[in-house]
Amino acid sequence: MSVVSDEDGQDIRQSLLGDEEAYARIIGRYQPQIAAQMWRFSRDTAVVEELVQEAFVEAYLSLGKFKGRAPLLHWLRKIATRVGYRFWRKRTREQERREALAWHGEEAMPPADTSPSEAGEYLHVLLAQLPAEDRLVLTLHYFEGCDTREIAERVGWTRSLVKVRAFRARKKLKALLEEAGYGREERA
Amino acid sequence: MAAKNEHDLLRAVEDIALRARTEPAPDVDVSRAVLRRLRSGRRPADRGLAILTAGALVAAVVIALFTFSDFAGALDPLEMMMATTASSLI
């Protein structure tokens, strides 16, 4: 039994036959979810738009390989994760330096009643201090609520590799927070 | 105490993440841009495929010509028929 919805199945078939409108319908249905995912990879709306475009272009070029074993959105999320990860890996040293400066400018963790946007911004800048693979694991875990199985599925790593990377990433994150002075009794 | 601090630190990050998850993402509409990129990007791929197909056809014809001009005399009728069928399939 297929897990792909009828309308997705129909639009995929039509898209493969070259029907642009069918593919536009697929984009329209899933771009909010993919944009939300890409928002975790960049806080710049123009970059997010570019990444969402890239994900849908890649998805179209691989559409013939979509087997329909999982819902279309799962498959799109995997592609989007790959696109976002590649974006991080391509970032220039200058961009990394700017984000590092932003992080060192932070004074304290956001208070309990902080807005979701402020919390998102804080976490984004915090995780940006980690290497791309550590950042990816923690971003998927913290922002998307993925467990190790889901992360492995999305990224294409083995589950044990995800566990190892998550463990190391948490350790690095903790070291980073301590370096910034969090968690020390006297600082509170 | 260190273990407690570690736990507290990561727990604090988890709490922030829970709040961040509800953050709305920016609205984007990329369908036109994607279709435009696909239209402009598809042509080179099609051209590449056409060149490959033409190359394969030329190679098949050349191979068939060599095969039949050099060795046709040595083939019996059944082999000849099989070779013809195989070359037409290529």
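Trainee: Which residues is A:Leu76 in contact with, leaving aside its neighbours within four places in sequence?
Mentor: Two residues are in contact if their C-beta atoms, placed from the backbone, lie within 7 Å. For A:Leu76 those partners are A:Tyr30, A:Ile34, A:Ala55 and A:Ala59. This is a predicted model: local features need pLDDT of at least 70, side-chain atom pairs count only at pLDDT 80 or more, and totals for chains, interfaces and linings use all residues. Residues are numbered from 1 along each chain as its sequence is written, with chains lettered from A and ligands numbered from 1 in the order in which they are written.

Trainee: Which residues touch the most other members of the largest nonpolar core?
Mentor: A nonpolar core is a set of buried Ala, Val, Leu, Ile, Met, Phe, Trp, Tyr and Cys residues joined through C-beta atoms within 7 Å. A residue is buried if 20 or more other C-beta atoms lie within 10 Å of its own, exposed if 12 or fewer, and partly exposed in between. The largest core has 25 residues, and A:Ile34, A:Ala35, A:Met38, A:Val52, A:Ala55, A:Phe56 and A:Leu76 touch the most other members. α2, α3 and α4 (72–90) of chain A each supply at least two residues. α2(A) gives the most, with eight. A second, separate core of 24 residues includes A:Tyr122, A:Tyr142, A:Ile151 and B:Ile16.

Trainee: How many helices and strands does chain A have?
Mentor: Helices (H or I, at least four residues) and strands (E, at least two) are DSSP runs, numbered from the N terminus. Chain A has nine helices and zero strands.

Trainee: How many residues of chain A are in contact with chain B?
Mentor: 35 residues of chain A are in contact with 24 of chain B. α2 (20–38), α3 (45–62), α6 (116–127) and α9 of chain A each supply at least two residues of the chain A side.

Trainee: What are the ipTM and pTM of the model?
Mentor: The model scores ipTM 0.78 and pTM 0.73.
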